Amino acid sequence: MKNKLFPILIIFTLLFAACGEKAEDATAAEVPVAAAVVEGDEVLEPTEGNTPADNGMFTSENEPCKSFSMISQSLITPYAGLPEVTAKDWAVGPEDAVVTFMEYSEPQCPYCSQIEPILIAVQERYPDDVRLVFRHRPFPETFHDKSILAGQALEAAGKQGKFNELKNFLFEQQSVWSPIAKDDFDGWLDGQIGQFGLDSTQFFKDMYSNEVVKNISDATDSANSLGINGTPTLFINGFKWPENERGVEIFSIYVQLLKNQAVEYDACAPTIIQQGKEYAATISTTRGDIEVDLFADIAPYAVNSFVYLAREGWYDGLPFISTNEFALSGDPSDTGYGGPGYAYLDELNDSQTFDEPGKLATFSLGPGINGSTFFINKTAMDNQTRTIFGEVTSGMAVVNSLENRENIFDPVIDSIISVTITEK
């Protein structure tokens, strides 16, 4: 299992890029690769941990369902010794935020000036869910000559309630003040701080006070003791940021997945379908109804989970991601990586293929990692590598009418209203 996530817009490009190319050759599109079939007819309680089964698949015949959260595959071990957020920290956002981004930074660091507006944009996108915490990580004068002084300036501004205003300004104007001589820095600051309503005399008194000088010195010692030797060093909910990428979109995906944990179940779906019965579903959408027959005989785990979640109201109001090749839904995080808190095994069957449009299939996140996300193919597709657990019997015109929304950060256009299960 990889420990990193990738933006869903990139994933869909990689997984379905061949669809457009093959379509030009008038051949079937290609379905993303999944896993071999594992059979079973009893839904088990989840096992401890999120580790792959012995055969390389996440679930197996012996463990057909397990607890699973994609975000837990990335955020694995909290950073040892990282101090809790206190009232002494410089923070923006609610104390009870679902997500806390903590940065160890300093105003003269060029990379810090690049990430700061990104973090601010994410907090503004999720004002009720994201908190930003700024912690000083100054460097010696031999490396960044005004690193310590700039940190002291921020603390002084903070004493007059303008920490964030000056912080953002110093990052924005970094290319202006960073080259000037250290001895000229105070003069430059004095010409700038008036715009923030700061009292100049009090500002410089505080900037060089024993208290502020000690605060910055203590911050340096704390960062050193934690092994934080570079800036910006970023943490998310106490975990060191695991990705190479840093941007509004990847940060947003993490926010949405962490928010999704609040609705995840702590156990696999209980067995509610009955052997010998047939099941159908009406997927009511903003474009009309889609009628599907469910294949409980060949994909009992997928059907059982779908029926259970539908009756729980899980799918109500969830958006569609739609292209010319498929329509996908079922993920409350709207990233393609969210789910119900569990994963069940693959159930492939030679009798079911994507040779025709209208197949209802799981969108798995890897071998044996099926959850609540499903898709309906609009065109023929190659390779039977997804669990097909139903087919459209009426309403393909509705499926085809779902407007394209290939980027999850585009506004939601179409969504599910409800899913109604019928026993035959």
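Visitor: Among the contacts in the protein chain with a separation of 6 or more, what percentage is accounted for by residues 24 or more positions apart?

Guide: Please keep in mind that this is a predicted model. The chain holds 11 helices and 17 strands, and the contacts considered here are those between residues with a separation of 6 or more. Within that set, the share that belongs to residues 24 or more positions apart is 75%.

Visitor: What part of the residues in the protein chain is buried?

Guide: The accessible surface of the chain comes to about 18,400 Å², and carbon and sulfur atoms contribute 48% of that area. A residue counts as buried when its relative accessible area is under 20%. Of the 424 residues in the protein chain, the buried part is 52%.

Visitor: Which strands stand at the edges of the open sheet of 5 strands?

Guide: This sheet has mixed pairing, and its strands follow the order β3-β5-β4-β6-β7. The strands at its edges have a single partner strand each, so one side of each is left without a neighbour in the sheet. Those edge strands are β3 (90–92) and β7 (239–240).

Visitor: Which residue of β7 is the bridge partner of I236?

Guide: Strand β6, which covers residues 233–236, runs antiparallel to β7, and 2 bridges join them. I236 has its bridge partner in β7, and that partner is F239.

Visitor: Helix α3 packs on this sheet, but which strands does it touch?

Guide: Helix α3 spans residues 147–159, and its direction makes about 125 degrees with that of β5 (130–136). The strands of the sheet that helix α3 touches are β3 and β5.

Visitor: In the open sheet of 8 strands, which strands are at the edges?

Guide: The pairing in this sheet is antiparallel, and the order of its strands is β10-β11-β14-β13-β16-β9-β8-β17. Each of the edge strands pairs on one side only, and they are β10 (321–322) and β17 (416–423).

Visitor: Which residue in β16 is the bridge partner of V292?

Guide: β8 and β9 form a hairpin with 2 residues between them, and these antiparallel strands are joined by 7 bridges. Within that pair, V292 of β9 stands opposite A281. β9 also runs antiparallel to β16, to which 4 bridges join it, and there the bridge partner of V292 is V392.

Visitor: Is T373 buried or exposed?

Guide: T373 lies in the loop between β13 and β14. Leaving aside residues up to four places away in sequence, T373 touches several others, among them L328, S329, A361 and F363. The relative accessibility of T373 is 4%, and the cut-off requires a value under 20%, so T373 counts as buried.

Definitions and conventions
Residues are numbered from 1 along each chain as its sequence is written. This is a predicted model: local features need pLDDT of at least 70, side-chain atom pairs count only at pLDDT 80 or more; totals for chains, interfaces and linings use all residues. Side-chain values use heavy atoms; hydrogens and water are left out. Buried means under 20% relative accessible area, exposed over 50%, partly exposed in between (1.4 Å probe, protein chains only). Contact means heavy atoms within 4.5 Å. Accessible areas come from the Shrake-Rupley method with a 1.4 Å probe; for residues, only the protein chains shown count as cover. Two strands pair if DSSP finds at least two bridges between them. Axes are lines fitted to C-alpha atoms, for helices over the stretch in contact, and angles run from 0 to 180 degrees between N-to-C directions.
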